[in-house]
Amino acid sequence: MSYPSPYRRIATEEAFSVPEVYQALREWAATADPAEPDRDFWDFVFTQDSPGLRRVRRQLLDLDGERLEVMDANGVDVHLLSLTAPGVQTFPAAAAVSLARLANDRLASVIARHRGRFAGLAAVAPQDPPAAAAEISRCVTELGLNGVVINSHTGGEYLDEERFWPILEAAEALGAPIYIHPRSPAASMAAAFRKYGLETGIWGFAAETGLHALRLICGGVFDRFPGLRIVLGHLGEGLPYWLYRIDYMHPVRASYHQRPSLSLKPSEYLKRNFAITTSGMNWAPVLRFCIEAVGADNIMFAIDYPYQVTEDAVRFLDEAEIPEGDKRKIYHVNAERIFGIPPAGGPGPEATALCGRWGSPGGVRGRLVLTF
Ligand code: MN
């Protein structure tokens, strides 16, 4: 693969850790109840040995060396960094608040150290919603971060619950997209997944995160926070495929199930308030379907470094048989608009067409992103 390339490539779901959080996660995985979501996943990562696991452990903690070499070798211009799942969401609230703050400060310093190569999403501790809202504000206004990452449920609770609304309110007010990144399903849901390890990337991550997004939609979150923008990885965690049936079934027995009535159809919120990324879904038929179902303006490139292979993700999108203009939107134009990542070489013709930092062609502000 040659570099420079015909495309600016911004990858939007790229994981990292810092030693303090990494060590806390390692201790948690060694001592947590085996029924805890994600405990098996991280126990495996930390205790098993293989070249692939050694590479993942090394690459999570590297921000200045090998990561940039892999980016350069594959023509990837920018990693939008996020603290790897489950973030700080398995820790006691006070520790989680302080570890999130530390990770965000490190993230800001690496972005400053390698100008133009990194952008970043703020880690937060939803266990303490007011502190999380304050941290979103600090990260956007003081550190210049580009949005927020939340790793799906926190202690089995989802962001549509009223106690989390301060987080949604802050994100909407600041125009900060929330990337909802997968993690293993909540314990109440995971039991049937555990046989054969189905609670992980093979199915459970998407089932969990797709459920989370659907709860936000059906809970009326986007009528209360119409400018909120959510991002989902894995080409929308299955939701685009189901839009027809979700719209059809939403009114069925709605009052019996006490579903709030909504201003729009579920599919209309998915198109207005969400964006999706290609993380871990290097498959052209689904990409073409998603372009038709939710529009090329709502899709962004992602690799899921270091869990997925950079070369595969780049080759997939380079070779995908889609319109050239759509490819440019997916590789970088949409990420520049949605996450406020400055265009290469300063504002160009594409930037002048935008309607504000978080603007979208439809004029909607704020977008929530969910993804692993
Ligand atoms: Mn990921």
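**A tour from rings to metal to core**

Start by selecting Tyr22, Phe41, Trp42, Phe46 and Phe205, which make up one aromatic cluster. Keep in mind as you look around that this is a predicted model.

Across the whole structure, a search turns up twelve aromatic pairs.

Next, pick phenylalanine 301 and tyrosine 331. Their ring centres lie 4.9 Å apart with planes at 65°, so they are edge-to-face. Phenylalanine 301 is in the loop between β9 (299–300) and α15 (310–319), while tyrosine 331 is in helix α16 (residues 324–339), so the pair ties together parts 30 residues apart in sequence. Phenylalanine 301 has a relative accessible area of 0%, and tyrosine 331 also comes out at 0%.

Now for the metal. What holds the manganese ion? Select Glu13 (OE), His181 (NE2) and Asp304 (OD), which coordinate the ion at 1.9 to 2.2 Å. Glutamate 13 belongs to strand β1 (residues 10–16), and histidine 181 to the loop between β6 (178–180) and α8 (187–194), 168 residues apart. Both are buried.

Last stop: the largest nonpolar core, 95 residues, where Ile178 and Leu287 have the most contacts inside it. Apart from that core lies another, of 14 residues, including Leu80 and Phe339.

Note on methods. Residues are numbered from 1 along each chain as its sequence is written. This is a predicted model: local features need pLDDT of at least 70, side-chain atom pairs count only at pLDDT 80 or more; totals for chains, interfaces and linings use all residues. Side-chain values use heavy atoms; hydrogens and water are left out. A nonpolar core is a set of buried Ala, Val, Leu, Ile, Met, Phe, Trp, Tyr and Cys residues joined through side-chain atoms within 4.5 Å. Buried means under 20% relative accessible area, exposed over 50%, partly exposed in between (1.4 Å probe, protein chains only). Donors are N, O and S atoms within 2.8 Å of the metal (3.2 Å for Na, K and Ca); water is not among the atoms, so sites may look incomplete. Helices (H or I, at least four residues) and strands (E, at least two) are DSSP runs, numbered from the N terminus. Rings of Phe, Tyr and Trp (its six-membered ring) pair if their centres lie within 6.5 Å; planes under 30 degrees apart count as stacked, over 60 as edge-to-face and the rest as tilted.
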